[in-house]
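Subject: Handover of a structure and findings

Dear colleague,

Please find the structure below, together with its sequence. I would be grateful if you would read the notes that come after it.

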Amino acid sequence: MSRLQIRAGLAVALAALIIVAPAAQSTAPSGYLTPPKVIMDIMDAEPLPGVVVSPDRKTLLLTHRRSMPTLAEVASPMLRLGGSRISPLSNGSHVLNGTTGLTLKDVATGVERKLTLPAEGSFGASFSPDGAKLSITHTTDSGIRLLVADIATGQVRTVLDGGVNGLGGGCSWLEDSSGFMCGLIPAGRGAAPPTPRVPTTPNMQQNMGTVAAGRTYQDLLTNAHDEALYDYYFTSQPAWVSLAGTPTPFGKPAVYAGLQISSDAKYLIVTRVKRPYSYLLPAGSFPRDVEIWDRTGTPVRTLADVPMGDVVPVNGVHQGPRNARWHPLEPATLLYVEALDKGDIRNTVPHRDRVMSLTAPFTGQPAELIKTTWRAGGMTFTERGAILVSESDRASRMSRTWLYETGFTATPRKLWERAQEDRYGDPGSPLMRPGTGKAIQVGDAVYLTGAGASPKGDLPFLDRLNLKTLQKERIWQSTEDAYETLVALVDDNATRVITRRETKQIPPNYVMRDRTAGSMTPITAFKDPHPQLSDVQKQFVTYKRADGVTLSGTIYLPPSYKPGTRLPMFVWAYPQEFTNADAASQISGSPNRFTLVRGASHLLLLTQGYAIFDGATMPIIGSGETANDTYVEQLVASAQAAVDYAVNAGIADRTRIGVGGHSYGAFMTANLLAHSDIFAAGVARSGAYNRTLTPFGFQNETRTFWEAPDVYAKMSPFWHAHKVKEPILLIHGELDNNSGTFPIQSERFYMALKGHGATVRYVTLPYESHGYSARESNLHVMAETLNWLDKYVKR
């Protein structure tokens, strides 16, 4: 039987087993545990709506969803092809918890209008560029439909009653809001290729002397039948679709990775995936052709023949044209970047890249516009023709941005240069005009918005930058008693702006700020989705590691906490690499964020009397590529500093502190138990524990196993399983799709621990990925975590 047949059969059986227990009830399938009711109530609460502001800033789109899907939904038929997880029923992505409802809210009046939509399925929505309409994709087990809603009336009508290929680009608005460019299921496609009962050939791969290193990936193609399925589901027919629902196909059916329309709507940049496919890399690394077509689908010119991604050097780029795009201010003018160092940063050259241009009818030779000393990054165009070009240097970890005030022919001026890790020095990013791809420019000025990292935490801001004088003016910034981010300008002079504001006590809501009047008017009034946590005490703390590096984190205390009481504590963290101590010591985050939880959050332990040390920073510092040379020593030192702080503050009992983390945080947890006796127990979710299984790099480590075998060995807790003396709970999704964290990592680590007599429990979650989706799975994870900590930490 095929993987699909097996999954479909199991899904039907599972649905039959749980049909008597609706998802809203507290019961779960036999064998699945549930935590205390207070935790279940919080987990089941409907999340806050998602919010999208219309391009004309007159309307908010509120998107609604449930807290978690059921296990039966997660177990619905799925194929894993080329690094993607798809639904063979809808011919789209395998949706686990999609949007279930859409509401339009008038910004000026506050009037809400819930759109009338089908009861079944999930929805995706996008405003038209003119803000007058809303496109809605409706996904069910029967396929994907295209609907359109009128913003003024709220009326919803069908444009395409099926046939949209969600894996072929779906449908996107045309710039003039007159219709769509869609990827459709080819007419007369027929049934999917059947699974051969008997294989017709062995599965063969080969490499004929080419250096082709690659990291480890999952959900890959595995055989010729997978290749046929990939072609079947991902092949789409491009078409122009009018608002009346009339499709006009152009070009031929193929697997398309992208189609971009020129600013004059006469040409397209077309990226087509081609064979040979890989069984070691996801589809994003498959070979592809980049071509220029006219609007009828006739090829005009081939721009690039992009090879398989595994021939690209480490930290490099492929040779030939890359990052092709249209100039947003000129008709049918193609731009692309080309490497001058053969794509390899190990080659010493005066310039690494150049930006090239090619204009219609695309029969001439490309023209060189500029060269960059470092690796070229993004290009931002303003509405009046100024261009911001960024570049970065891997060796120094520096980045800088140049201004070409009147276009590429202007003399460049450096806007800023900074260390990539320097959050305090981040000047922000240009504010874009919604739906245009261009930065807002008013007179000689553009707007910059950023996180506003500072020693006091993040204080988001809005600046006005004069492109002639290069002087900046601070227009607005979040106050220190709240966390507030800019959402949109209501007028180009930034007299009125829409922001998203939250405090420790008030959940995130949208407000209108009138800078002239100094007023703040609420637009939304979302309520606390889990008032059970409203009285939780929260402390943002800083402290020092033994080597002087400043560390930080947030300590949460139960609502009933009395100062001086020592509680059992759970530390939750995730290591991060830095090249210097100054960058590692910078404060990250804000002390004024509202406490929102989702899924099996460790913060739910607050309801059971635990203190939580959340986001305790674990910096791993080293110049160049050397940070991990002392990974274990720095990790242990950071953990010791966090525990010492909590104990010295009178919050925690040194003998009753546990540690946990997800993914690289699980890797951290296992290493801390192997190399220290700081913690009483650990909880490791979806981790990797043997770095020899990721031999061509992991996280920010770019050295291979053969270049740094001692580092790989020292960092791998699997190699030190005999040193783990504290109890550890391992949890892993059986269908983990994250690069490097194959489920076998936990399986083999469990075997190693068991073989050395460790106290260990190993839980695998059917149908779950790197993160856990199903309600039953998340409830079980919380029950397992609480039971483990109650037994070995709370004591």
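The notes below set out the conventions, then the overall fold, and then individual sites.

The model is predicted, so to read it please note that local features need pLDDT of at least 70 and side-chain atom pairs count only at pLDDT 80 or more, while totals for chains, interfaces and linings use all residues. Residues are numbered from 1 along each chain as its sequence is written, and side-chain values use heavy atoms, with hydrogens and water left out.

Overall fold

The chain contains 10 helices and 48 strands; these are DSSP runs numbered from the N terminus, with helices being H or I of at least four residues and strands being E of at least two. Its radius of gyration is 27 Å, close to the 28 Å that the globule rule gives for 795 residues, so the chain is as compact as a globular protein of that length. Here the radius is taken over C-alpha atoms, and the rule is 2.2 Å times the number of residues to the power 0.38. Along the principal axes, the C-alpha atoms fill a box of roughly 75 × 70 × 60 Å.

Of the 795 residues, 54% count as buried, where buried means under 20% relative accessible area, exposed over 50%, and partly exposed in between (1.4 Å probe, protein chains only). The accessible surface comes to about 33600 Å², and 52% of that belongs to carbon and sulfur atoms; the areas come from the Shrake-Rupley method with a 1.4 Å probe, and for residues only the protein chains shown count as cover. Among contacts (heavy atoms within 4.5 Å) with a separation of 6 or more, 58% are between residues 24 or more positions apart.

The disulfide

How many disulfides does a search of the whole structure find? The search finds 1, a disulfide being a pair of cysteine sulfur atoms within 2.5 Å. It joins Cys171 to Cys182, with an S to S distance of 2.1 Å. Cys171 lies in strand β12 (residues 171-173) and Cys182 in strand β13 (residues 179-184), 11 residues apart. The link of Cys171 and Cys182 is right-handed, with 115 degrees about the S-S bond. Both Cys171 and Cys182 are buried.

Backbone features

Two cis peptide bonds may be of interest to you. One runs from Arg275 to Pro276, with omega near 5 degrees, and Pro276 sits in the loop between β17 (267-273) and β18 (288-294). Another joins Ala360 and Pro361, with omega of about 10 degrees; Pro361 is placed in the loop between β22 (353-359) and β23 (367-372).

Positive phi values in residues other than glycine occur as well. For Arg397, phi is near 55 degrees. Arg397 belongs to the loop between β25 (387-393) and β26 (398-404), and it counts as buried at 11% relative accessibility. For Tyr767, phi is near 70 degrees. Tyr767 is in the loop between β48 (760-765) and α10 (775-794), and counts as buried at 15% relative accessibility.

Leu33

Leu33 is in the loop between α1 (3-18) and α2 (37-44). With a relative accessible area of 32%, Leu33 is partly exposed. Leaving aside residues up to four places away in sequence, Leu33 touches Leu779, His780, Ala783, Glu784 and Asn787.

Yours sincerely
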